[in-house]
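Below are my notes on the model, as numbered points. Please read them with the structure open.

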Amino acid sequence: MIPLRKLSLKKILTFFIVIILIITFILKITKKDKLKLLNNTIDNAVQVNKYFIYGNHLNISGDFKIDNYDEIKLVLKSTNNEIELNSNISDGHFESSSYINEGIYLDNIPIGDYFVFLKTTTKDKNKYYNLSNKTNYNDLNYYTITKNKKNNLINIKFSSYSNKEFLSIKVTETKLPDNYYDIVIDAGHGGEDPGASYAKHSESDITLDYALNLKEALQNIGLKVKLTRDNDTSLDSYGINSRTGIVYETNAKYTFSIHLNSSEDNIKSGGVEIYSPNGADTSFAENLARHIVNSAQTNFSHNESFKIKDGVYIRTFTKNDINSSITTAKEKGYNPYPITTDTTYYFMIRETGGIATGAYVDGRNKSYDKNPYYNNNIGSESYLMELGFINYQKDLNNLLYNQEGYINGIVEAIKEEINL
Ligand SMILES: [Zn+2]
């Protein structure tokens with residue numbers, strides 16, 4: 001018995017040692033192959049000045065000093081693949097998009113190990129330029145939207161190898177960690193704050209009911225959804241477990257805030273208003289508005305202020321808003337916030353997007369909490385939906401008795417947006 005046992009243990013050990021040697025050898029070859037790509041690249045000509053993830057897009061921009069080329073492009077390159085990226089390049093400046101919610105579509109990159117290069121072509125000869133980092137940010141981890149219960153992890157990182165600085169993007173298959181979600185639904189108001197009310201109905205009750213049912217509808221198409229509140233409770237705006245905090249804590253790619261409008265006057269019409277972040281391409285907001293109008297048989301709001309297109313609004317700070325913000329700062333003795341007429345007004349859109357949407361609540365005003373994530377370079381693509389006017393009887397009836405119409409419209413627009 002004893003010699004036999006010894007023999008099998010020896011065999012097992014040898015077997016494992018051989019396996020480990022083979023794996024190490026394969027890893028070495030792969031690494032060598034990958035780093036070979038860096039052998040003939042050119043350094044110190046291209047620098048990244050800004051990069052962030054907003055929703056499911058990576059946006060990179062910066063400057064370069066390269067003379068004489070016929071063509072110039074931003075590319076992803078691995079040992080066996082080259083993917084051309086959309087970009088605007090001119091006068092020594094490049095950007096993957098001028099819109100915050102465009103650029104490099106992360107959910108579409110095949111599994112692999114890539115470098116990001118600027119590639120020039122001159123008379124059929126290609127040159128590749130490394131990207132060096134001039135920002136204060138580095139490592140970014142992004143999980144793709146859940147499809148068929150699957151997700152990819154994307155690691156975006158500046159590294160260096162024998163004095164070459166480069167940007168790499170590594171895509172691997174994985175499972176979404178427990179605390180990560182695809183979408184956050186925010187039922188407006190709640191608890192001590194009922195929002196608008198009319199005929200015994202309050203905005204906070206109706207938005208909660210919508211949030212609960214929208215969550216279920218989105219889960220039914222395989223998405224992982226988190227609510228900011230699931231009962232009639234008050235929420236802080238900033239900090240742990242707050243409205244904006246939950247968005248960052250769950251790393252949600254999209255956030256939808258549900259609200260109802262109300263008008264001071266005796267209104268003669270109602271309708272839908274979708275508020276989009278400033279600096280974003282509005283095609284998703286347009287689709288949300290259009291699908292809701294069609295599916296719930298309602299109409300686009302007739303409100304003209306801050307209107308961009310039918311049903312789509314971008315509310316930014318006005319000169320008056322800025323002046324009153326400066327007055328408050330003076331009264332309370334802190335430096336005014338860096339707000340311009342380009343800054344998005346609604347905090348739920350602005351403060352959930354980090355640097356992409358100009359979040360600024362950094363704690364200088366002691367009257368409310370600090371947004372600990374205001375300086376993040378990864379943010380959620382957020383929309384605020386005013387589904388109808390609570391004090392317009394036709395809208396109220398439709399909102400109360402045709403909820404499915406509204407929810408189906410929202411789900412359709414989301415499915416289209418994420419290619420589900
Ligand atoms: Zn509201």
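This is a predicted model: local features need pLDDT of at least 70, side-chain atom pairs count only at pLDDT 80 or more; totals for chains, interfaces and linings use all residues.

1. Ile 349 lies in helix 6; helices here are DSSP runs of H or I with at least four residues, strands are runs of E with at least two, and both are numbered from the N terminus. Leaving out residues up to four places away in sequence, Ile 349 touches Tyr 275, Pro 277, Thr 344, Thr 357, Ser 382 and Leu 384; contact means that the C-beta atoms, placed from the backbone, lie within 7 Å.

2. Residues are numbered from 1 along each chain as its sequence is written.

3. The chain as a whole. The protein chain has eight helices and 22 strands. Its C-alpha atoms fill a box of roughly 85 × 70 × 45 Å along the principal axes. Of the 420 residues in the protein chain, 39% are buried. Among contacts with a separation of 6 or more, 69% join residues 24 or more positions apart.

4. Domains. The assignment, which is automatic or from a database, gives domain 1 (39-174) and domain 2 (183-417). Their C-alpha centres lie 32 Å apart. Across the boundary, 18 residues of domain 1 are in contact with 20 residues of domain 2. On the side of domain 1 that touches domain 2, strand 1 (42-54) and strand 10 (140-143) each supply at least two residues. Strand 1 gives the most, with four residues. That side of domain 1 divides into 10 nonpolar, five polar and three charged residues; Ala, Val, Leu, Ile, Met, Phe, Trp, Tyr, Cys and Pro count as nonpolar, Asp, Glu, Lys and Arg as charged, and the others, Gly among them, as polar.

5. Strand 12 and its partners. Strands pair if DSSP finds at least two bridges between them. Strand 11 (residues 151-161) and strand 12 are antiparallel over 11 bridges, and Lys 157 has Ser 168 as its bridge partner in strand 12. The two strands form a hairpin with two residues between them, and Ser 162 in the turn has a positive phi of about 35°. Strand 12 (residues 164-174) also runs antiparallel to strand 8 (residues 112-122), joined by five bridges. Here Tyr 114 is bridged to Ile 169 in strand 12.

6. Strand 17 (residues 254-261) and strand 22 (residues 381-389) run parallel and are joined by seven bridges; Phe 256 has Tyr 383 as its bridge partner in strand 22.

7. Helix 4 against helix 8. The axes of helix 4 (residues 283-296) and helix 8 (residues 403-417) come within 7 Å and cross at roughly 145°. Axes are lines fitted to C-alpha atoms, for helices over the stretch in contact, and angles run from 0 to 180 degrees between N-to-C directions. Residues of helix 4 in the contact include Phe 284, Leu 288 and His 291, and those of helix 8 include Tyr 406, Ile 410 and Glu 412. By class, this contact has seven nonpolar, seven polar and three charged residues.

8. Positive phi at two asparagines. Asn 44 is found in strand 1 and has a positive phi of about 60° although it is not a glycine. Asn 44 counts as exposed because it has 12 C-beta neighbours inside 10 Å. Asn 68 sits in the loop between strand 2 (57-64) and strand 3 (71-78), with a positive phi of about 55°. Asn 68 is exposed, with 6 other C-beta atoms within 10 Å.

9. Pro 372. This residue lies in the loop between helix 6 (347-350) and strand 21 (378-379). Pro 372 counts as partly exposed because it has 17 C-beta neighbours inside 10 Å. Its C-alpha atom is separated by 39 Å from that of Ile 72, 300 residues apart along the chain.

Note on methods:
Two residues are in contact if their C-beta atoms, placed from the backbone, lie within 7 Å. A residue is buried if 20 or more other C-beta atoms lie within 10 Å of its own, exposed if 12 or fewer, and partly exposed in between; C-beta atoms are placed from the backbone.
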